[in-house]
Amino acid sequence: MPPSLIREAGPAAEEWRGSDREGSVWKRHFVRCFLSPIYSSVQPCEMNRTKGDEEEYWNSSKFKAFTFDDEDDELSQLKESKRAVNSLRDFVDDDDDDDLERVSWTGEPVGSISWSIKETAGNSGSNLEGREQLKSRNSFSSYTQLPKPSSTYSLSSFFRGRTRPGSFQSLSDALSDTPAKSYAPELGRPKGEYRDYSNDWSLSDTVRRLQKGKVCSLERFRSLQDKLQLLEEAVSMHDGNVITAVLIFLKRTLSKEVLFRELELRQVALRHLIHFLKEIGDQKLLLDLFRFLDRTEELALSHYREHLNIQDPEKRKEFLKSCIGLPFSAEDSAHIQDHYTLLERQIIIEANDRHLELAGQTEIFRKHPRKASILNMPLVTTLFYSCFYHYMEAEGTFSSPVNLKKTFKIPDKQYVLTALAARAKLRAWHDVDALFTTKNWLGYTKKRAPIGFHRVVEILHKNSAPVQILQEYVNLVEDVDTKLNLATKFKCHDLVIDTCRDLKDRQQLLAYRSKVDKGSAEEEKIDAILNSSQIRWKN
């Protein structure tokens, strides 16, 4: 057989040529069934060609090899690609490409359930029929036409990475005894699931879906009547989240005048909108709403709240000054005035103290450097700062604690409590003593504490005051039981012993004797009192 025909026949012919060339039934059958059509397809003119013409004919090709220097236009490249794809059909059965079509020969879509059932049944029937024909065949000498076997590979297998049903198994499939998996066609989602995104819900259904947190579009409510009915339905559900969601929709789709007019008649929705605007910080729309409702006081308070967004102290001071003339209540007007005055003084104190701290000439700033600025601090913090750094200044200065007390009318309890905390932190016990010392009209001195001496003792102990100082102020507590408990808690031994002696409580004195150190002066004092015959004990 000529080499050109052997190349055309493929690997099977190569095997035939390399085997024994003596006649056999199988080889004759191969020549009859496979090579005869190839011989018959050769034109007579081609058979009469010379050897050189035949070699030139079989070695030439109408397809050009690809090179990077190819300058053909895109149209020619497209045609060459099309020819290359079409040439694959010579190596692959036409039946293998049917799964690439979107519609089968019966008109049913490929991948549908009915198509899958028929395809499976057809493959099973054809395989069974082929096996029965092979059983009925006794020898290879039969000249009846063999059934055409299904191809091992298809174009779809090249792209999908798996063989067709009924084809040869891969190596991994052959090693495993389990049958190959059959993939059912992917089904579409039920149409009922798409109703979540439809627009055919009623008002009550829409509100219930919003309450459950499901997706629901409100855009189909276009008329004012539908929108108001939607709002009323949301209010009737008593769900704040649903009401707020509907209000956001109305705020976006209605003008301010229409929205304010309708909400004025619906107080529940109005309160929700006011709260929502405060939360998101939409001061402009909130001011317009209060102005429309003629709520002057709330309008002023909303305007005053804007000072929180101003960081510059000078600009904030000027803004607070502009708020003084707004229609506040009498009490609120006083607070606005105090806020402006306090910020004005803080700016002065901050500038002066920053200069003193940088100069390093003041002892208090050298020992205790400032940790933060005093600007925008509350009144109590400003008073503590003044008692800490400017306690001894004259009343005429802005930073004097006494000046702050009189200007802002700070109560005595608040002033004493703040001053005590500041001076005790500095361990200025003399200032603490002077803070509670008063003189009557006869010139007699007396210690008095508007906050109670039991609180004074707690603050002094918190700031690590000496036992002598603590014992002095514990002794000023009027209630005996409270005095005894504080003395025991802070280990004021002499005060506990004297109090038990005055109470003539022998049992309590014996119990306290076990709490003092052995051989200490306190133990000797307790023994002397217990052995004294001048005391008449109660128990």
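Reply: Let us begin with one term: a nonpolar core is a set of buried Ala, Val, Leu, Ile, Met, Phe, Trp, Tyr and Cys residues joined through side-chain atoms within 4.5 Å. The model is a predicted one. Its largest nonpolar core has 54 residues, of which Leu 420, Phe 436, Val 456, Leu 460, Tyr 473 and Leu 509 touch the most other members. Helix H22 (residues 412–425) supplies the largest share of this core, 6 residues. Another core, of 31 residues, lies apart from it and includes Leu 218, Leu 230, Leu 286 and Phe 290.

Me: What is Phe 436 in contact with, leaving aside its neighbours within four places in sequence?

Reply: Contact requires heavy atoms within 4.5 Å. With those neighbours left aside, the residues in contact with Phe 436 are Val 416, Leu 420, Lys 446, Lys 447, Arg 448, Ala 449, Val 456 and Tyr 473.

Me: How many helices and strands does the protein have, and what percentage of its residues count as buried?

Reply: The protein has 29 helices and 2 strands. Of its 539 residues, 30% count as buried.

Me: Why is the pairing of Arg 252 and Glu 219 called a salt bridge?

Reply: The term requires a side-chain nitrogen of Lys or Arg within 4 Å of a carboxyl oxygen of Asp or Glu. The N to O distance between the side chains of Arg 252 and Glu 219 is 2.8 Å, and the pair therefore meets the cut-off. Arg 252 lies in helix H12 (residues 240–253) and Glu 219 in the loop between helix H10 (203–211) and helix H11 (224–236), so the pair ties together parts that are 33 residues apart in sequence. The structure holds 25 salt bridges.

Me: What makes Arg 252 exposed and Glu 219 partly exposed?

Reply: Exposed means over 50% relative accessible area, and partly exposed lies between that value and the 20% under which a residue is buried. Arg 252 has a relative accessible area of 55%, so it is exposed. Glu 219 has 41%, so it is partly exposed.

Me: Are Glu 350 and Arg 370 buried or exposed, and how do you know?

Reply: Both values fall under the 20% cut-off: Glu 350 has a relative accessible area of 4%, and Arg 370 has 15%. Each is therefore buried. The side chains of Glu 350 and Arg 370 meet in a salt bridge with an N to O distance of 2.9 Å. This pair links distant parts of the chain, 20 residues apart: Glu 350 is in helix H18 (residues 330–359), and Arg 370 is in the loop between helix H19 (363–367) and helix H20 (379–389).

Me: How do you know that the side chains of Lys 447 and Asp 433 meet in a salt bridge?

Reply: Their N to O distance is 2.1 Å, which is within 4 Å, so the term applies. Lys 447 belongs to strand S2 (residues 445–447) and Asp 433 to helix H23 (residues 429–436), 14 residues apart. Asp 433 has 26% relative accessibility and therefore counts as partly exposed. Elsewhere, a network of salt bridges links Asp 494, Asp 498, Arg 501, Asp 502 and Lys 525.

Me: Why does His 307 count as buried?

Reply: Its relative accessibility is 6%, under the 20% limit, so His 307 counts as buried. His 307 lies in the loop between helix H16 (296–304) and helix H17 (313–323). A polar atom of its side chain lies 2.6 Å from the backbone oxygen of Tyr 304. Leaving aside neighbours within four places in sequence, His 307 is in contact with Arg 316, Phe 319, Leu 320 and His 339.

Me: What makes Leu 442 count as exposed?

Reply: Leu 442 has 51% relative accessibility; exposed means over 50%, so the term applies. Leu 442 is placed in the loop between strand S1 (437–439) and S2. Together with Trp 441 and Tyr 444, Leu 442 makes a nonpolar surface patch of about 480 Å².

Notes:
Residues numbered from 1 in each chain as written. Predicted model: local features only at pLDDT ≥ 70, side-chain atom pairs only at ≥ 80, totals over all residues. Heavy atoms only, no water. Helix = DSSP H or I, 4+ residues; strand = E, 2+ residues; numbered from the N terminus. Buried < 20%, exposed > 50% of the residue type's maximum accessible area, 1.4 Å probe, protein only. Patch = residues over 30% accessible without salt bridge, like charges linked within 9 Å, V, L, I, M, F, W, Y side chains within 5 Å. Areas by Shrake-Rupley, 256 points an atom, 1.4 Å probe, with all protein chains shown as cover. Polar contact = N/O pair within 3.5 Å; in protein donor to acceptor, adjacent residues only side chain to side chain.
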